[in-house]
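Subject: Structure handover

Hello,

Please find the structure below. My notes on it follow.

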Amino acid sequence: MADNARAKKLADLIREVVAQKLQRGIKDPRLGSHVTITDTRVTGDLREATVFYTVYGDDEDRASAAAGLESAKGILRSAVGAAAGTKFTPTLAFVADALPENAKTIEDLLDKARASDAKVREVSSGAAYAGEADPYRKPGSDEDDEGAAAE
């Protein structure tokens with residue numbers, strides 16, 4: 001088993017090599033400049049690497065980018081092996097990163113919360129307090145004097 005620092009270092013190297021190779025070394029039009037490598041994780045035994053990516057575009061672009069990455073897997077693994085210099089080059093698995101979808105879900109929830117807050121603010125704009133505006137006792141008020149005289 002390798003230590004976590006070595007696995008992290010290899011993961012960073014894989015992310016850099018794959019990103020550079022996608023940008024400059026592979027001529028596949030499906031992998032143009034709209035594919036971004038977001039994260040890489042390597043197993044503890046350094047045998048398998050998972051590369052997370054995002055694609056700028058619609059579902060058709062995502063599907064074509066996934067097919068392009070699968071077809072370029074061998075070239076990318078060779079480039080990683082040449083750069084890493086390890087005894088065993090890890091196998092690469094490409095996974096579409098769910099980050100953009102999660103961010104959109106969070107933005108939608110925040111928009112709902114803002115709309116709800118605006119509705120509450122609108123309803124409460126003309127409202128009056130049920131009691132006094134300041135319900136707390138103040139030192140030196142008449143109620144303090146009456147309470148002390150009763151004791």
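The largest nonpolar core has 25 residues. A nonpolar core here is a set of buried Ala, Val, Leu, Ile, Met, Phe, Trp, Tyr and Cys residues joined through side-chain atoms within 4.5 Å; buried means under 20% relative accessible area, exposed over 50%, and partly exposed in between, with a 1.4 Å probe and protein chains only. Ile 14, Val 18, Leu 22, Leu 76, Leu 92 and Phe 94 have the most contacts inside this core. At least two of its residues come from each of α1, β1, β2, α2, α3 and β3, and α1 gives the most, with seven. Helices (H or I, at least four residues) and strands (E, at least two) are DSSP runs, numbered from the N terminus. In soluble globular proteins, nonpolar side chains tend to be buried together.

The model is predicted: local features need pLDDT of at least 70, and side-chain atom pairs count only at pLDDT 80 or more, while totals for chains, interfaces and linings use all residues. Residues are numbered from 1 along each chain as its sequence is written, and side-chain values use heavy atoms, with hydrogens and water left out.

Leaving aside neighbours within four places in sequence, Ile 14 is in contact (heavy atoms within 4.5 Å) with Thr 40, Val 42, Ala 49, Val 51, Val 80, Pro 90 and Leu 92.

β1 and β2 pair in the antiparallel sense over seven bridges; strands pair if DSSP finds at least two bridges between them. The sheet is open, with three strands in the order β1-β2-β3 and mixed pairing. β1 and β3 are its edge strands, each pairing on one side only. Five residues lie between the strands in the hairpin of β1 and β2, where Leu 46 takes a positive phi near 60°.

Helix α2 (residues 59–71) lies last in these notes. Its 13 residues should span 18 Å at 1.5 Å a residue, and its end C-alpha atoms are 19 Å apart, which agrees; the expected span is 1.5 Å times one less than the number of residues. Ala 65, Gly 68 and Leu 69 are buried in α2. Seen down the helix axis, the buried residues of α2 fall within an arc of 100° (taken from the directions from the axis to the C-beta atoms), so they line one face. Asp 59 and Glu 60, on the other side of α2, are exposed. The buried residues of α2 pack against several elements, including α1 (4–25) and α3 (73–84).

Regards
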